[in-house]
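Please work through the exercises below with the sequence and the model side by side. Try each task before reading its solution.

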Amino acid sequence: MTSALLTDQYELTMVDAALKDGTADRRCVFEVFTRRLPDGRRYGVAAGLGRFLTALGDFRFGDEEIGFLRDRGVIDAGTARWLADYRFTGNVRAYREGEVFFPNSPVLQIEGTFAEAVVLETLALSICNADSAIASAAARMVSAADHRPLAEMGSRRTGEWNAVAAARAAYIAGFGATSNLEAGRTWGIPTMGTAAHAFTLLHDSEEAAFRSQLDALGEGTTLLVDTYDIEAAVETAVRLTDGKLGAVRIDSGDLPSVVAAVRAQLDRLGATGTKITVTNDLDEYTIAALRAAPVDSYGVGTSVVSGSGHPAAGMVFKLVAHRDAADEAWVPVAKKSADKASTGGRKEAGRRLRNGVATAEVVLTQGAVGPDERPLLVPVVTDGEVDPAFLGSAGVEAARKHHRMAKAELPADAARIGRGDPAIPTLVI
């Protein structure tokens, strides 16, 4: 399936005009960055790179796509011929997926002819904005959970394919599992799930429902105990398993007090090894509020798949340099618009470290990163060839591992959930 029409019309009208005026083949550099983090966020998490690279490989204009564009009057016959042969032949450098980023971090850098690069704007932004927003929110939830596991279970709160991407982004940022089976198949993410309230309501009694689930899934399963009376359900669950039940799930009520009461009851009944998992519209703030409660794991839905109030990461795609028509020298270009000014020139970027702790994001318009700075931009596409290390489930696992390393470099207060400035300053040099 082609990804070529997952784009905005003005990209193709620009290509059409550039082919006519002779600028289509001018070598250019575009960069993706965010001018600011959402209010209160101390860092972002770059995600979506592997999905973008996969979509780049599928960016082809077939007869059906070209026919549609011609019928709509978007392109002329010359542009149609150009699109029929489209293959991205340029270079892409990027922050590794899972890397943390800050205002003005050049998370994605695309070099190619104007025509072949500009048509990728919407594809790059639609993927990276959504995935980075979800990963950024998920990373905050992981910090709030304080080493207790989280599962992503928000498929019913977003689009069907968005759900697969959301599970991937949350997993990269530290979630341990997803309820979405397609995410498990496509990206190799561990999957989980047992039963909903409907299963209890189906049966003539709660005990009958519990017996059925235990027969099917064994004593290590998780029983949902808040369909009717929680105290009675916990007593039944412990009795049916002789205190060996894997876990109970609580999906309603005043969670701190309910969890404390359930833990006390489980211990009193001898089910000291039975764990407690909670769900019920959790976000980073409610998770942080439960830090002192005897919760063993969390399931998060709406908040994580929606970026916890910030569904886009605020990334933009800007032309920063092009070759001079006369001598082929690189010419920096930049917007001067009020509140939307950009910095021209192809960037280098490094994370300045002191004793292993990040102190600044250094973005340079000339020269290379220094010896005390970890280089952040790595090649992911060379002369149109995608590096397979960033693709598939292996790419996801590499991104998850890299995220743990990058997050561990941040100052300790970067994990603070309350409002604050970016954890480290960005120095544009």
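This is a predicted model: local features need pLDDT of at least 70, side-chain atom pairs count only at pLDDT 80 or more; totals for chains, interfaces and linings use all residues.

Residues are numbered from 1 along each chain as its sequence is written, and side-chain values use heavy atoms, with hydrogens and water left out.

**Exercise 1.** Find Phe101 and decide whether Phe101 counts as buried or exposed.

Solution. Begin with the strand: Phe101 lies in β4, residues 100-101, where strands (E, at least two residues) and helices (H or I, at least four) are DSSP runs numbered from the N terminus. Next, take the relative accessibility, which is 2%, so that Phe101 counts as buried; buried means under 20% relative accessible area, exposed over 50% and partly exposed in between, with a 1.4 Å probe and protein chains only. Then look for what surrounds the residue: leaving aside neighbours within four places in sequence, Phe101 is in contact with residues including Leu37, Tyr43, Ala46, Tyr95 and Met315, contact meaning heavy atoms within 4.5 Å. Finally, consider Ala46, which is 55 residues from Phe101 along the chain, although their C-alpha atoms are separated by 6.6 Å.

**Exercise 2.** Trace the strand pairs that involve β12.

Solution. Strands of a sheet pair through backbone hydrogen bonds, either parallel or antiparallel. Two strands are taken to pair if DSSP finds at least two bridges between them. Start with β1 (residues 27-34), which is joined to β12 (residues 315-323) by 7 bridges in an antiparallel run, with Cys28 having His322 as its bridge partner. Continue to β13 (residues 330-332), which pairs with β12 in the antiparallel sense over 3 bridges, and where Trp330 stands opposite Arg323. The hairpin of β12 and β13 has 6 residues between the strands, and Glu328 there takes a positive phi near 65°.

**Exercise 3.** Which strands run parallel to β11, and which way do the residues of β11 point?

Solution. First, β6 (residues 150-152) is joined to β11 by 3 bridges and runs parallel to it, with Glu152 partnered by Val300. Second, β10 (residues 275-278) runs parallel to β11 with 2 bridges, and Thr277 has Ser297 as its partner. Third, in β11 (residues 297-300), Ser297 and Gly299 point one way and Tyr298 and Val300 the other, and all are buried.

**Exercise 4.** Describe how α7 packs against α15.

Solution. Take the geometry at the outset: α7 (residues 160-172) and α15 (residues 392-408) pack at an angle of about 40°, with their axes 8 Å apart. Axes are lines fitted to C-alpha atoms, for helices over the stretch in contact, and angles run from 0 to 180 degrees between N-to-C directions. The two helices are therefore oblique to each other, since angles under 35 degrees count as roughly parallel, over 145 as roughly antiparallel, 65 to 115 as roughly perpendicular and the rest as oblique. Then list the residues: Arg168, Tyr171 and Ile172 in α7 meet Val396, Glu397, Ala399, Arg400 and His403 in α15. By class, this contact has 4 nonpolar, 1 polar and 3 charged residues, where Ala, Val, Leu, Ile, Met, Phe, Trp, Tyr, Cys and Pro count as nonpolar, Asp, Glu, Lys and Arg as charged, and the others, Gly among them, as polar.
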